[in-house]
Amino acid sequence: MVLDFTAIFSQWQLLIDGALLTAKLAMVTTVTGFLIGTLCAIARRSQSVFCARVAAIYVESIRNTPFLVQIFLVYFGLSSLGFSFTAFTVSVIALTINVGAYTAEIMRAGFESIHKGQWEAAETLGLSKWQQYWHVALRPAIERVYPSLTSQFILLMLASSVTSQISAEELTATANFIQSETYRPFETFFIVAGIYIALSMLMRLIFWLFGLAIFPRRRRLGTTI
């Protein structure tokens, strides 16, 4: 087998566009997934049986079904209800639903790591439940599970490759197009694998710098992700 990357490199603009869309998907769904996951973690710890059960059903349903099935359910489900969204929008919805469930369990572990005495002190000060989470629990909980959150969001970026199945023009979809045009599947996916590795390293660096900025104690201790 003779390797020839010339035809692949001639499509560099398509590869860049695909990588940028992958990064955009990761960025948007990281934020929305974190918000939904945090709210679900709070709901699972709620004294309201209804809220706790609804959150538990959501989390367990997502964690026990393949992401490919989930994205098809969202894609065809929205269409059957008469909604017409772009492939990018459907991808954001499906990825957010997926990562929100995993983030919920990570954040729940973070909240449960907060010492009982801190919760009791917050109650003594007359803080409401939401104030307790916002002022007392949220930041230390995030700090304690930050490495797990970082890994989960990097996995989210890699999972975005599945959105190529609904014609989202991200990196994997771009690779499929290029290999069908050049008849060089190995070279195409070899380069794409390298791009995914670079994106993963870039995300890890960004999260590391962000962690140093918002968690001064991690900087003093020299903690790495």
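This is a predicted model: local features need pLDDT of at least 70, side-chain atom pairs count only at pLDDT 80 or more; totals for chains, interfaces and linings use all residues.
So, T65: this threonine sits in the loop between α3 (49-63) and α4 (67-80), where helices are DSSP runs of H or I with at least four residues, strands are E runs of at least two, and numbering goes from the N terminus. T65 is partly exposed because its relative accessibility is 33%; by our cut-offs, buried is under 20% relative accessible area, exposed is over 50%, and partly exposed is in between, with a 1.4 Å probe and protein chains only.

Residues are numbered from 1 along each chain as its sequence is written, and side-chain values use heavy atoms, with hydrogens and water left out.

Okay, zooming out. The protein chain has ten helices and zero strands. Its C-alpha atoms fill a box of roughly 70 × 50 × 25 Å along the principal axes, and of the 225 residues, 40% are buried.

Now the largest pocket, at about 900 Å³. A pocket here is an open set of points on a 1 Å grid over the protein atoms alone, where a 1.4 Å probe fits, with protein on both sides within 12 Å along at least five of seven lines; lining residues have an atom within 4 Å of a point. The volume is the space filled by probe spheres set on the points. Which residues lie nearest its centre? Those are T30, V31, F34, F207 and F210, out of 31 lining residues. Helices α2 (12-44), α7 (129-159) and α9 (185-214) each supply at least two residues of that lining.

Staying with α9, that's also where L205 is. L205 itself is partly exposed, at 43%.

Most residues other than glycine have a negative phi. S167, in the loop between α7 and α8 (171-182), has phi near 75 degrees, and Y183, in the loop between α8 and α9, has about 60 degrees. S167 counts as exposed because its relative accessibility is 56%, and Y183 counts as exposed at 69%.
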